[in-house]
Amino acid sequence: MNFSGFLHHDDDSSSGGGNHFSSAAMSGGLVKSIFSSPRLSLGLQQTNGEATRTGESFEVSVSRRSPESRSGSDNADALSGDDDLDASDRPLKKKKRYHRHTPQQIQELESVFKECPHPDEKQRLDLSRRLNLDSRQVKFWFQNRRTQMKTQIERHENSLLRQENDKLRAENMSAREAIRNPMCGHCGGAAVLGEISLEEHHLRIENSRLKDELDRICALAGKFITRSDDDPTGSHHLLPNSALQLGVGTKNGYGGGGFTLVPPAGFEISSPFFSGLAAPVNRTTDVGTGLDQKSLYLELALTAMDELVKMAQTSEPLWIPSSKGKGEMLNREEYEKNFTPCLGPKPDGFVSEASKEVGVVIINSLALVETLMDSERWAEMFPCMIARNSTSEIISSGMGGTRNGALHLMQAEIQLLSPLVPVRQVTFLRFCKQHAEGVWAVVDVSVDRISDRGGSASAHTSLSCRRLPSGCLVQDMPNGYSKVTWIDHTEYDDTRIHNLYRPLVSSGLAFGSKRWISVLQRQCESLTILMSSTIPNRDNTTPISSIGKKSMLKLAQRMTQKFCRGVCASSSQKWSKLEMGDIDEDVRIMTRKNVDDSGEPPGILLSAATSVWVPVPPRQLFDFLRDELLRSEWDILSNGGPMQEIANIFKGQDQSNSVSLLRSTAMNANQSSMLILQETSIDASGAVVVYAPVDIPAMHSVMKGADSAHVALLPSGFGILPDDGQGMEETGSLLTVAFQILVNSLPTAKLNVESIETVNNLISCTVQKIRAALRCDK
């Protein structure tokens with residue numbers, strides 16, 4: 001066969017010497033290098049008998065190229081010789097056949113690949129025997145499969161990277177657009193390059209907030225408000241599940257007609273627009289149909305706020321002078337004419353008590369609002385009145401980081417320092433609203449009516465007190481002061497109150513507005529001194545550092561709180577009342593165990609308290625009990641000798657409000673390491689004298705500024721109230737005497753009768769000594 005057309009060279013042709021190759025020359029090495037393709041090698045078998053050997057040599061190369069190395073490729077039969085040759089002239093040769101892998105083989109290979117992508121020689125041999133394949137075929141199949149897997153993974157990774165690249169490109173374009181067109185994050189308007197005035201900045205923020213509020217109210221009104229009955233379009237219809245209703249012509253002498261918005265479930269009540277539109281609804285109507293609990297709470301809070309503000313801003317004829325000439329009293333006829341009680345009719349057997357008091361307090365409105373809305377700070381501000389309190393639920397936390405619109409569900413135990421007056425347990429809503437710049441209102445209202453709805457019929461039988469809209473209206477004044485108008489309106493069961501205290505409670509001084517204002521004024525004075533850099537003390541006493549004075553005042557505060565909670569059996573300390581026939585019925589003795597409270601000595605504790613009438617003005621009785629020089633006339637710890645005051649810290653303008661440290665001048669061996677920490681407080685509503693023995697080493701550490709939380713003490717003392725609510729300079733006093741004593745230092749010990757009799761005798765003896773020292777008739 002002539003291949004001159006393939007192997008002709010230009011330089012040879014130019015020289016006229018063409019090269020011609022015969023078929024016999026194909027057996028040389030040149031032919032092997034040129035025709036390396038298996039198909040070409042098979043084609044050479046068609047030449048002649050000499051080429052048959054060459055074809056056989058190329059057959060080896062074909063057989064080495066595994067068809068499995070090309071996944072899914074077909075393997076045709078080997079070609080025979082030239083068709084022109086006679087069959088008798090052909091050399092006898094065995095045909096080689098190549099097949100695809102069977103589906104069973106591929107399935108087995110795939111299953112092995114999932115378990116082991118890199119089989120070793122032993123595994124390949126075993127697999128080849130089982131599948132009837134050559135070991136090299138198995139090896140090449142795994143190589144190709146791994147390559148295919150790698151390619152798929154790379155394609156997937158490339159796709160992910162491409163998506164991430166597109167995302168980053170879009171963010172980059174957005175950032176470039178934001179840089180070209182800057183926007184203000186507070187007001188949403190175009191940013192102004194350069195500085196703007198602070199006033200303009202605040203105006204922009206306020207403008208943005210007002211726009212948001214307007215959009216919310218418009219959307220709400222468009223969705224829920226329906227037309228009134230006299231709608232000329234005749235489109236009056238009520239949404240079946242709407243919690244926003246329209247009330248027209250509500251009964252209110254001060255507000256007249258109008259409409260009320262009752263928001264739907266989940267609506268934020270912090271909007272001043274919404275609160276401003278709200279007016280009282282007809283409270284006698286059952287508002288519980290189709291409304292959830294929070295919607296009822298919201299409606300009640302808005303109604304209570306409206307009533308509180310109107311009662312605080314109205315004088316006569318709603319408020320008239322008291323018959324006894326001091327303070328104001330509520331005109332019931334006028335109240336019932338202009339207000340429908342938001343809690344429904346008064347329960348049977350209950351009496352009403354309402355009072356109003358106005359005072360100037362050294363605290364700004366924001367600080368006072370924060371104190372009232374924080375349950376812990378509220379209890380610290382009124383330690384002798386709040387025995388226990390907690391916030392059950394924060395329905396709304398306010399708007400814009402302020403307390404405007406805040407609504408809390410709270411529980412509290414309000415007490416009077418006497419075992420003869422039961423603690424008032426109330427569950428109420430506390431709602432705060434800003435009415436103008438520097439003008440805030442905080443209102444409380446009981447939720448017993450809402451909580452009882454759907455409950456048992458005996459719900460009212462356990463109710464002993466409920467708060468009608470009560471609270472304060474606070475207005476800022478110059479120099480950090482505030483004008484506070486306090487309203488207290490309560491209905492309670494007076495059958496549980498001892499006859500000795502009924503005149504005081506009915507006058508409003510026991511739980512009324514005058515007491516809230518008086519305690520608030522005294523406590524704010526004390527806090528002002530506590531936060532100042534210099535705390536005054538008496539000149540002839542031991543000097544104490546400023547940090548030592550603050551630590552000492554905190555210890556005295558904790559002492560007074562424990563004393564007040566022990567007098568009235570507050571649930572915060574889990575006292576158990578003891579009933580014994582030999583104890584006077586007016587003496588309450590309680591016991592409890594202390595195991596893990598480091599602020600008290602561990603063991604069995606006893607608390608004994610009683611209240612008596614003393615024919616001495618409250619101020620005179622207070623001065624007698626706080627005088628360290630006269631202490632030996634009633635205190636058994638003085639051992640018959642006078643006390644020496646070694647330290648004194650003033651807590652207010654009245655120097656009677658102070659914390660002092662006393663030491664007995666006639667100590668016995670058991671009292672050589674003891675001092676007496678004493679706190680005295682007095683205001684227009686009453687007075688307290690609280691004291692407790694403390695260790696000298698512990699007290700020295702406190703006076704140096706150490707933490708006083710772990711100083712163990714058991715307080716005792718006196719509570720003094722005017723007998724008829726007329727004032728601290730009148731003729732008679734209601735004196736409460738209370739002791740807390742460690743009976744046994746082992747918490748597992750049992751209480752014996754002798755200990756109870758000892759405490760009972762101690763109270764009786766102390767009362768007798770006080771009466772004798774003041775020359776009172778028995």
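Which residues in α6 meet Trp141, Phe142, Arg145, Arg146 and Met149 in α8? Keep that in mind as we walk through this structure, which is a predicted model.

Let us start with the two helices themselves. Two packed helices are described by the angle between their axes and the distance between the axes. Here, helix α6 covers residues 103-115 and helix α8 covers residues 135-180; their axes come within 11 Å and cross at roughly 65°. The crossing of α6 and α8 is right-handed. On the α6 side, the residues that make the contact are Leu109, Glu110, Val112 and Phe113.

Next, have a look at the charged pairs. Across the whole structure, a search finds 24 salt bridges. One of them joins Glu121 to Arg124, with the closest N and O atoms 2.4 Å apart. Both residues sit in helix α7 (residues 121-131), three residues apart, about one turn of the helix. Glu121 counts as partly exposed because its relative accessibility is 40%, whereas Arg124, at 14%, counts as buried. There is also a network of salt bridges, which links Glu108, Asp126, Arg129 and Arg130.

Glu370 pairs with Arg403, and their closest N and O atoms are 3.3 Å apart. This pair links distant parts of the chain: Glu370 belongs to helix α13, while Arg403 is in the loop between β4 (386-396) and β5 (407-414), 33 residues apart. Glu370 is partly exposed, with a relative accessible area of 29%, and Arg403 is buried, at 19%. A further salt bridge forms between Arg430 and Asp444, where the closest N and O atoms are 2.7 Å apart. Arg430 lies in strand β6 (residues 424-436) and Asp444 in strand β7 (residues 439-446), so the pair ties together parts that are 14 residues apart in sequence. Both partners are buried: Arg430 has a relative accessible area of 3%, and Asp444 has 5% relative accessibility.

Now back to helix α13, which spans residues 365-373 and includes Ser365. Ser365 is buried, with a relative accessible area of 0%. Leaving aside residues up to four places away in sequence, Ser365 touches Gly438, Trp440, Val474, Asp476 and Ser482.

Finally, let us move to the surface. Val360, Met477 and Tyr481 form a nonpolar patch there, with about 240 Å² of accessible area together. Val360 is found in strand β3 (residues 350-361), and its 44% relative accessibility makes this residue partly exposed.

Conventions: Residues are numbered from 1 along each chain as its sequence is written. This is a predicted model: local features need pLDDT of at least 70, side-chain atom pairs count only at pLDDT 80 or more; totals for chains, interfaces and linings use all residues. Side-chain values use heavy atoms; hydrogens and water are left out. Patches are made of residues with over 30% relative accessible area and no salt bridge: like charges are joined within 9 Å, nonpolar side chains (Val, Leu, Ile, Met, Phe, Trp, Tyr) within 5 Å. Accessible areas come from the Shrake-Rupley method with a 1.4 Å probe; for residues, only the protein chains shown count as cover. A salt bridge is a side-chain nitrogen of Lys or Arg within 4 Å of a carboxyl oxygen of Asp or Glu. Helices (H or I, at least four residues) and strands (E, at least two) are DSSP runs, numbered from the N terminus. Buried means under 20% relative accessible area, exposed over 50%, partly exposed in between (1.4 Å probe, protein chains only). Axes are lines fitted to C-alpha atoms, for helices over the stretch in contact, and angles run from 0 to 180 degrees between N-to-C directions. A crossing is left-handed if the near helix is turned anticlockwise from the far one by less than a right angle, and right-handed if clockwise. Contact means heavy atoms within 4.5 Å.
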